[in-house]
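Start with the loops, then turn to the helix pairs.

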Amino acid sequence: MVLRPPREMGALEAARAIEAGTLTSEALVRSCLERIEARDGALHAFTAVDAQAALRAARAADAGPRRGLLHGLPFAAKDLIDTAELPTAYGSPIYRGHRPRADAACVALAGEQGAVLLGKVATSEFATQTPGATRNPLDLDRTPGGSSSGSAAAVADHMVAVAFGTQTTGSIIRPASYCGIVGYKPTAGLISPAGVKALSPSQDTVGLLAREVADAAFFAFGLHGHAVALACDAPLRIAVCSSRQWAHASAAMVEAVERCALALERAGARLQRIELAPELEVVFELQPAIVAFEARQALAFERLHAAGALSERLSARLAFGAQISPQEYLSMRQAVERARERFAEQFAQFDALLYPAADGEAEVGLDASGSPRFGALWTVLHLPCVCFPAARGPSGLPLGVQMVGRLGDDLRVLAAAEAARRALGDAARPEAAHAA
């Protein structure tokens with residue numbers, strides 16, 4: 001029997017082993033650091049690691065009393081998220097070497113529950129569409145997606161079992177799809193965005209990248225000291241939701257969604273195929289404009305005092321925001337509220353809807369990170385989403401699909417995603433995608 005390195009454990013498995021005394025936090029952290037040392041020169045997933053500080057924290061966890069559900073478990077934080085002990089640059093040269101005075105709320109909560117901060121992982125510029133240097137661990141010539149690029153790459157490459165990401169449009173779901181792992185964007189506000197660099201405050205959402213659905217659920221609810229079980233007490237009611245966005249999905253992605261739907265149906269789920277309501281379709285065009293209007297305000301200091309250090313892509317986006325009047329913005333927010341009400345009506349009888357997570361496989365090249373379009377509607381509506389690998393594309397790379405739930409119905413949509421992952425079998429397992 002070949003023993004796996006501790007870094008290959010999922011978050012829940014590792015936490016249980018630490019609690020049982022069959023694994024130490026120090027051994028797990030050391031295993032993760034060895035992987036970072038061996039691989040990050042090629043991947044560029046991490047922006048900051050203090051190995052000695054992480055090992056000291058791990059040894060303290062091993063020596064001290066159990067602090068919470070996440071005791072001794074290492075995690076990484078996207079470089080959009082403030083950390084007092086490690087620099088936070090927000091993916092911009094403007095903030096190179098910046099040291100916040102306090103941890104973001106999510107980092108502080110993780111520490112309160114005993115978790116160990118392993119390091120900071122890369123983000124695109126202010127979580128927008130100008131990527132950094134991170135590569136996809138499944139194919140170094142391809143993008144890992146963005147903006148939570150480092151989070152996805154580090155988790156997929158077994159450098160860490162779980163990492164915080166953020167999503168304003170599709171920045172958790174798409175990287176998860178491209179890297180063959182799980183991405184969980186909670187209902188907005190479940191994990192506080194305090195201490196996260198704002199881009200579009202009405203949409204910015206903190207979430208998680210992990211290798212298993214159960215790991216993402218464990219860490220997200222463990223932050224609040226709550227243990228959860230993912231179980232369905234009745235046959236799942238799943239809507240396969242078509243929209244005009246599907247015109248952008250590759251044939252392989254459409255096939256992946258269909259494959260997932262059929263697997264769920266064979267497992268006993270009740271499927272219904274529906275078309276997205278027109279009141280929801282219109283929001284596809286509004287969401288980028290809302291981001292632009294809010295980003296022009298959120299990045300006002302940088303725009304006014306360091307415009308030359310902003311990328312052309314971001315400068316153009318902020319210029320677009322200047323063309324939107326306050327009343328136009330308020331009207332768009334009203335349309336979003338109507339859409340939120342319409343969603344609640346249209347999907348009241350479903351546990352979750354099934355939808356593509358990205359256009360297709362990760363694109364070749366590192367100068368762009370793919371379109372976030374398939375996350376836009378669900379993010380602006382504040383709905384919980386879970387991406388998980390469902391198939392392989394023509395190049396052998398993973399294709400993720402997403403489950404979307406009703407507002408606040410996170411545990412149900414997580415349970416639906418776990419049921420789908422089990423129904424799909426080995427092709428849905430992160431290890432299968434990682435071995436491609």
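Ser 147 sits in the loop that links β3 (116-121) to α5 (149-156). Helices (H or I, at least four residues) and strands (E, at least two) are DSSP runs, numbered from the N terminus. The peptide bond that leads from Gly 146 into Ser 147 is cis, and its omega is near 5 degrees. This is a predicted model: local features need pLDDT of at least 70, side-chain atom pairs count only at pLDDT 80 or more, and totals for chains, interfaces and linings use all residues. Residues are numbered from 1 along each chain as its sequence is written, and side-chain values use heavy atoms, with hydrogens and water left out.

Most peptide bonds are trans, and most residues other than glycine have a negative phi. Two histidines have a positive phi. His 158 has a phi of about 65 degrees. His 158 belongs to the loop between α5 and β4 (162-167). Is His 158 buried or exposed? His 158 counts as buried because its relative accessibility is 7% (buried means under 20% relative accessible area, exposed over 50%, partly exposed in between, with a 1.4 Å probe and protein chains only). For His 382, phi is near 70 degrees. His 382 lies in the loop between α14 (373-380) and β10 (385-392).

Now the helix pairs. Two packed helices are described by the angle between their axes and the distance between the axes. Axes are lines fitted to C-alpha atoms, for helices over the stretch in contact, and angles run from 0 to 180 degrees between N-to-C directions.

Helix α8 (residues 251-266) packs on helix α15 (residues 410-424) at about 90 degrees, and the axes are 9 Å apart. So α8 is roughly perpendicular to α15 (angles under 35 degrees count as roughly parallel, over 145 as roughly antiparallel, 65 to 115 as roughly perpendicular and the rest as oblique). From α8, the contact (heavy atoms within 4.5 Å) uses Arg 259, Cys 260, Ala 263 and Leu 264. From α15 come Ala 419, Ala 420, Ala 423 and Leu 424.

Helix α10 (residues 283-298) and helix α13 (residues 326-346) cross at roughly 135 degrees, with axes that come within 10 Å. Therefore α10 is oblique to α13. On the α10 side, the contact includes Leu 286, Ile 290 and Phe 293. On the α13 side, Tyr 329, Met 332 and Val 336 are among the contact residues.
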